[in-house]
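Biologist: Hi, could you walk me through this model when you have a minute?
Modeller: Happy to, let me put it up for us both.

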Amino acid sequence: MKQNIIKNGIFTVALASAMSFTACTGDLDVTPIDPNLDTPENVLTSTETYNQLLAKCYSALSVSSPDGDSGSPDIKSIDGGFGQYLRALINLEELPTDEVVMNWNDQTIKDLHGLCWSTNDVFVTAAYGRMYYQISLCNEVIRRIDAAGINDAAMQQYRAEARALRALTYYHIIDLFGNVPFVDENSQVGGANPSQISRADLFDWMVNDLEETAEQLPANPEKYRAGKGLAYMLLAKLYLNAKVYTGTANYAKCAEYCQKIIDLGYTLASQSDYYKLFCADNDQQLGVGHEIIFSVYQDHLNTKAYGGTTYLINAACGGQADYATDFGLGGSGWAGFRLTPEFVNKFQAKDLRGGSLFYETTAGKGKTITDMTDFLEGGYSYKKFTNLKADGSILADANSFPDTDFPIFRLADVYLMLAECQVVGGVSVDGLSYLNQIRQRAGLNPLASATANDIIDERGRELAWECHRRSDLVRFDMLTTDSYIWSYKGMNSNIGTPHAVDKHFNLYPIPSSDIMSNSNLKQNEGY
């Protein structure tokens with residue numbers, strides 16, 4: 001039975017009543033909707049209640065409201081379905097890439113795949129608002145702990161966890177938005193508009209904050225909680241992308257933190273257990289001694305939200321797939337996501353990460369998409385994430401909400417980062433050996449040598465749909481340029497031919513609503 005961290009947040013209502021956000025989300029009213037609340041001073045009376053307060057910072061990654069689903073969302077003016085944290089992240093990290101073609105006509109969603117979004121795009125605005133809501137939650141927890149005057153080890157760990165979760169969101173923010181408003185626990189609540197921080201300065205702040213935070217986190221944390229592995233992973237990711245964020249590459253530091261993660265004792269799942277990383281009881285693959293370093297909790301009863309793996313699994317299900325036997329769902333899927341043929345072509349027939357996980361949406365249509373607006377008009381969909389249990393069975397009370405946790409970070413990514421450090425960064429590490437461990441687990445032959453193209457392709461195959469692809473394509477200068485063209489790149493309809501786009505689409509814009517409400521902000525170049 002999964003540890004139910006969502007239910008542990010019984011005092012998180014106190015956090016909502018305490019918060020009055022700065023203007024870092026513009027004219028969005030981001031005051032949490034929680035009308036019948038006690039005051040923080042009345043409920044925050046012990047170390048345990050602060051633990052329960054911290055739970056909101058975790059649960060906000062899973063659900064959009066205190067009720068779980070999108071019925072009464074935390075944030076006014078942002079849809080609780082597509083504004084759920086992980087769904088917003090999936091939209092911005094996966095839809096602009098070769099890993100997904102979306103056939104829905106929801107508002108401006110095809111503009112994401114078309115790499116032609118605007119400054120008032122509703123999906124960009126939803127992600128930005130949700131992420132700053134998460135930052136504000138973490139800041140308020142830190143403030144409350146600092147004000148409590150309870151100086152014990154548990155409180156210091158809770159504070160470090162809130163800082164690590166804040167760093168996770170700032171990592172997504174620096175990657176997606178670049179130069180952004182900056183707020184921390186020292187920012188005045190309800191005060192002046194926040195100032196903008198440069199991407200390079202935010203990078204430096206994050207590195208310093210994470211280095212200190214890592215020392216205060218446990219090496220072997222409770223399931224679903226932040227530990228040293230999460231902090232080291234964020235540091236490795238920052239250094240992996242250092243050239244993008246600061247203009248100066250630093251693969252040596254990336255390799256250093258990758259080794260720190262390995263030294264903690266995480267282990268790669270075996271070939272026979274690989275599929276268990278993406279199924280309904282993948283919590284058994286989480287933590288030291290296993291492959292998943294940090295994941296977001298999902299439960300078919302307690303985290304009923306329309307994001308995360310609910311989104312990934314349901315959007316992939318449709319056409320010829322059987323929602324029960326193929327995906328472990330208790331109801332029909334949503335028929336939304338297909339793969340581009342270029343991405344399918346990256347997999348050899350014997351690659352266990354492809355092959356049987358691909359299915360034609362309609363018999364005989366093949367992998368070529370003949371109409372991006374119709375799920376049944378060609379293309380393969382993908383059964384990587386399912387709600388089936390590790391033994392292949394279906395939950396007795398299965399519904400449309402899965403038990404499959406979303407793996408934010410896995411050890412496989414660490415191995416592939418080390419390979420990139422050697423091949424691209426010239427660092428003296430045995431990255432090829434780590435790369436070949438990933439390939440051999442997938443049923444592929446080892447490589448005698450590797451190129452940068454081998455690295456980006458292997459990252460695509462191994463980490464598909466785990467919210468890394470856009471960032472990786474940017475780092476390899478492939479997202480917007482003509483060095484890699486995939487079906488429907490730069491297109492939000494069936495009209496025309498795929499093409500390169502202007503380089504400013506390597507970053508998302510700061511939503512126009514925030515630019516208009518905060519004179520301290522300057523829009524990203526090109527918007």
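Predicted model: local features only at pLDDT ≥ 70, side-chain atom pairs only at ≥ 80, totals over all residues.

Modeller: Residues are numbered from 1 along each chain as its sequence is written, and side-chain values use heavy atoms, with hydrogens and water left out.

Biologist: Thanks! How many helices and strands are there in the protein?
Modeller: The protein has 18 helices and 8 strands, taken as DSSP runs numbered from the N terminus (helices are H or I with at least four residues, strands E with at least two).

Biologist: And what share of the residues counts as buried?
Modeller: Of the 527 residues, 62% do; buried means under 20% relative accessible area with a 1.4 Å probe, protein chains only.

Biologist: Switching to aromatics, how many pairs turn up?
Modeller: The whole structure gives 30 aromatic pairs. Rings of Phe, Tyr and Trp (its six-membered ring) pair if their centres lie within 6.5 Å; planes under 30 degrees apart are stacked, over 60 edge-to-face, and the rest tilted. Phenylalanine 177 and tyrosine 508 make a tilted pair, 6.2 Å centre to centre with 50° between the planes.

Biologist: Which parts does that pair tie together?
Modeller: Phenylalanine 177 is in helix H7 (residues 153–177) and tyrosine 508 in the loop between H17 and helix H18 (512–517), so the pair ties together parts 331 residues apart in sequence.

Biologist: Is tyrosine 508 buried or exposed?
Modeller: Tyrosine 508 is buried, at a relative accessible area of 0%, and phenylalanine 177 counts as buried at 1%.

Biologist: What about phenylalanine 203 and tyrosine 239?
Modeller: Their ring centres are 5.6 Å apart and the planes sit at 85°, so that pair is edge-to-face. Phenylalanine 203 belongs to helix H8 (residues 199–215) and tyrosine 239 to helix H9 (residues 228–240).

Biologist: Now the largest pocket: what is its volume?
Modeller: About 530 Å³, the space filled by probe spheres set on grid points joined across faces, edges and corners. A pocket here is an open set of points on a 1 Å grid over the protein atoms alone, where a 1.4 Å probe fits, with protein on both sides within 12 Å along at least five of seven lines; lining residues have an atom within 4 Å of a point.

Biologist: Which residues lie nearest its centre?
Modeller: Arg199, Val244, Val474, Lys503 and Asn506, out of 22 lining residues. Helix H10 (242–246) and helix H17 (469–475) are the elements that give two or more residues to the lining.

Definitions and conventions:
Buried < 20%, exposed > 50% of the residue type's maximum accessible area, 1.4 Å probe, protein only.
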